Amino acid sequence: QQLEAVQAWLLDIGSALCAPRGENHGGTLQARKLQRTKGVTHSDVMAVETYIDRADAQVSELRNFILPGGTPAAAALQVARTVCRRAERRVWPLLLADHGDHVIGIFLNRLSDYLFVAARVEARIAGATEKHYRIERKIDRWQRKVMDM
């Protein structure tokens, strides 16, 4: 259900970016195009925050970076997270130039965090172990380590 809600929000974001809301963006023609979508709001951001909190309670606290993967579904969620981060970076210049509401950028930021935690939950449910990535200081050099945790 959560991922379906995310998909609906993403369609609304796409609609809002292609036909921005607000006074400076085309009046009645744009308003008609947007009648069936609601965009995203601060309450939607709070809903994603709730999703993050619920998912975070199901996994162990992170003390190191983890390598993405675990299961095909978890890996797909990690790819979605990466795409979401890229979208966030590309959307902010549009938002700062007043081509949309800033809440879209905030939403995308929180959504990428949700996708990260959702991937961790998926891997845990499937019984996959997380691979922690660390850099440890050795006598005269740094050494990278990947460890099952």
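Is Arg85 buried, exposed or partly exposed, and what is its relative accessible area? Arg85 is partly exposed, with a relative accessible area of 26%; here buried means under 20%, exposed over 50%, and partly exposed in between, with a 1.4 Å probe and protein chains only. The structure is a predicted model, in which local features need pLDDT of at least 70 and side-chain atom pairs count only at pLDDT 80 or more, while totals for chains, interfaces and linings use all residues. Residues are numbered from 1 along each chain as its sequence is written, and side-chain values use heavy atoms, leaving out hydrogens and water.

Helices are DSSP runs (H or I, at least four residues), numbered from the N terminus. Asp113 is partly exposed too, at a relative accessible area of 23%.

Asp113 also forms a salt bridge with Arg110, where the closest N and O atoms are 2.4 Å apart. Both residues lie in helix H5, three residues apart, which is about one turn of the helix. Arg110 is buried, with a relative accessible area of 17%.

Arg110 in turn reaches Glu49, and their side chains meet in a salt bridge of 2.5 Å, N to O. Glu49 lies in helix H3 (residues 42–56) and Arg110 in helix H5, so this pair ties together parts that are 61 residues apart in sequence. Glu49 counts as partly exposed, at 22% relative accessibility. Together, Glu49, Arg85, Glu88, Arg110 and Asp113 are linked in a network of salt bridges, and a search of the whole structure finds six salt bridges.

Helix H5 (residues 103–125) has another partner, helix H1 (residues 2–18): their axes come within 12 Å and cross at roughly 155°. That makes H1 roughly antiparallel to H5, a label for angles over 145 degrees. Among the residues in contact (heavy atoms within 4.5 Å), Trp9 and Leu10 belong to H1, and Phe107 and Tyr114 to H5. By class, this contact has 13 nonpolar residues, one polar and no charged ones; Ala, Val, Leu, Ile, Met, Phe, Trp, Tyr, Cys and Pro count as nonpolar, Asp, Glu, Lys and Arg as charged, and the others, Gly among them, as polar.

Methods. Axes fitted to C-alpha atoms, helices over the stretch in contact; angles between N-to-C directions. Helix = DSSP H or I, 4+ residues; strand = E, 2+ residues; numbered from the N terminus. Parallel < 35°, antiparallel > 145°, perpendicular 65-115°, else oblique. Salt bridge = Lys/Arg side-chain N within 4 Å of Asp/Glu carboxyl O.
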